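Hi there,

Here is the structure I promised to pass on.

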Amino acid sequence: MSAPLWSPTPERVAASAMAAFMVRVNENHGTALNGYEALHRWSVVHPGLFWNEVWDDSAVIGGKGGVTLLDGDKMPGARFFPEARLNFAENLLRGEGDAPALLFNNEGRMAAPVSRAQLRADVARLAAALKSWGVAPGDRVAAFMPNCPETIVAMLAAASLGAVFSSCSPDFGVKGVLDRFGQIAPKVLIACDGYRYAGKVLPAHDKLAEIIAGLPSLEHVVVVPFIGEGKKHLEKSTDWPDVLASAPDTPLSFARLPFSHPLYIMYSSGTTGVPKCIVHSAGGTLLQHLKEHRLHGDLRAGERLFYFTTCGWMMWNWLVSGLAAGATLALYDGSPFAPGPHVLFDYIDEAKINVFGTSAKFIDAIKKEGLTPRETHDLASMRMILSTGSPLVAESFDYVYADVKKDVALCSISGGTDIVSCFVLGSPILPVHRGEIQAKGLGMAVEVWNEEGRPVAGEKGELVCVEPFPSMPVGFWNDDNGTKYRAAYFERFPGVWCHGDFAEITENGGIVIHGRSDATLNPGGVRIGTAEIYAQVEQLPEVQEALAIGQDFAGDVRVVLFVVMKPGHALDEATRARIRGRIREGASPRHVPEKIVAVADIPRTKSGKITELAVRDIVHGRPVKNREALANPEALELYKDIEDLKS
């Protein structure tokens, strides 16, 4: 086993919510669990008992019923808490008074905090308006919004009535929005009049007019004056302040509905066709997020939780659930580098953020920018850093502990929109090992399987989950017989969730994600994860970013590496040799690309993930089905008919 980069003190371990939860389990079930591995094993062997304990330990508001798990041997088909009645919003709107519920920073501009009492009052007014418009359980309320307090108010108001909430960020194009909302026929749209990014004000009225025209199901549109212009000429529209001011004066109430009642409709990336509409339940989302926030994140009432996200990424939904743990949410919208590269670290100190969530790409970017936050900022409040979106490479772990903060729990986490949560993540009672995700999630029977469907450790394979869990989707929208849902996750290994990640369990019991399974490379029939290549080449100071694909050529597959060079650097033969040498030394000779090509940009999804599959299609002359899913679709043109790839 390797030496850890960081370990929690015995005092911190003893004081953690996870340690207290283990004591609770031992007392209630006569067990003698000692340590994370034993607790995890118990949680997946006894899922009914485990999730029942999570409900009670988290003090979920609602009627639990007498049954925790029905048909637990079926996946899909298992039903958690089939007799329960609860409301998601009721569990997030615990507590009143002047304690801050929401903080908001828009590229360095701090808004006044929103108190718990104010949040409840705003939710009550919007819920009353929605109800007066006939919004009922199961109706859809959509949001085209930045990550700001009004978006959270809208979600909570919809959820209080049992309506289903779905969101996109305002950087989506019209077709991207209609590809999503057009499938779910929303009754109400909450939308901003514009947004700010990188110091620019970007009005959204023209885009909104097309969106409204393309959604005939809409009966009401509420326009949030985010840039101060309001609804102007938009049809069916009322300004947000007017809606709240004229709403019926009725007390806040909550429709308690079944555990499996739909809460969110979320979307696959859409890079291979029209996005799939993934339906998540109120109970499954709530229970899974309470477990992750309270136990894995050790999040306490009154702490400040931040995650850099837009409303088009599942991390927004994950962040919002921090309210159920009593946390204050530190919201941010805009560029993470505007007005300058220190803006998020300024926010940590100003807002006294305790848990800071970001992406692996952000950590890599500030590393390449040469930032040393430990020298420029206090960061005393920050005890945990979370990273997701793509694998966090070993060198980024080194950078965080050397140049950001020495005494911090650096937790790489991985899961997805498909489960609105994590399969693997951090643990406050475990050490942090270089380049590794600390642990399998409690209650998540995660394994890595080889091609024959056998569990393996110390070698790469498919990340699977062999037992059901509460945050599995209710299903896909407009997939009445469940065909698309089963095909997405259960076709590779029947009865087992196959997530599509190429992963490895280490000797430390940690997990390394080597990339997406469908993006793995197969030169000479050997599977290689793209993240293994990126981990090497992106450490070279002259390389800004990279993307690797497998190109069908001469009856085999060859590795092709595209690189974006840093300003002032060119891709010459000496640089190609350094890249190949670094990959050969740090990964293996099989990882070394046969072709290395310089490009000006790399296409990525709206949530910032690079899109190897779209590039692979372009290189092979195949059409890319849904360019609207990309943040920068014009970048695809850079990969067409590259002369160097024809020989």
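A salt bridge here is a side-chain nitrogen of Lys or Arg within 4 Å of a carboxyl oxygen of Asp or Glu. Please keep in mind that this is a predicted model. By that rule, the count comes to 35 salt bridges. As background, side chains of opposite charge can pair when their charged atoms come close.

Let me start with a pair inside a helix. Arg-576 forms a salt bridge with Glu-573, and their closest N and O atoms are 3.0 Å apart. Both residues belong to helix α19, which covers residues 573-586, and they sit three residues apart, about one turn of the helix. Arg-576 is buried, with a relative accessible area of 17%, while Glu-573 is exposed at 55%.

Another pair reaches across the sequence. Lys-595 forms a salt bridge with Asp-644, with the closest N and O atoms 3.2 Å apart. Lys-595 is in strand β33 (residues 595-598) and Asp-644 is in the segment after α20 (612-619), so this pair ties together parts that are 49 residues apart in sequence. Lys-595 counts as buried because its relative accessibility is 15%, and the cut-off for buried is under 20%. Asp-644 is partly exposed, at 33%.

Two further items on charges: Asp-617 forms a salt bridge with Arg-622, where the closest N and O atoms are 3.0 Å apart, and Arg-622 is partly exposed with a relative accessible area of 37%. There is also a network of salt bridges that links Arg-24, Glu-53, Asp-57 and Arg-294.

Now for the backbone. Where do the cis peptide bonds turn up? One joins Met-75 and Pro-76, with omega about 0°, and Pro-76 is found in the loop between β2 (69-70) and β3 (79-80). Another runs from Ala-338 to Pro-339, with omega near 5°; Pro-339 lies in the loop between β19 (328-333) and α13 (343-351).

The loop between β2 and β3 also holds Asp-71, a residue other than glycine with a positive phi, near 55°. Asp-71 is partly exposed, with a relative accessible area of 33%. Phe-81 has a positive phi as well, near 45°, and is placed in the loop between β3 and β4 (85-86). Is Phe-81 buried or exposed? Phe-81 is buried, with a relative accessible area of 1%.

Conventions:
Residues numbered from 1 in each chain as written. Predicted model: local features only at pLDDT ≥ 70, side-chain atom pairs only at ≥ 80, totals over all residues. Heavy atoms only, no water. Helix = DSSP H or I, 4+ residues; strand = E, 2+ residues; numbered from the N terminus. Buried < 20%, exposed > 50% of the residue type's maximum accessible area, 1.4 Å probe, protein only.
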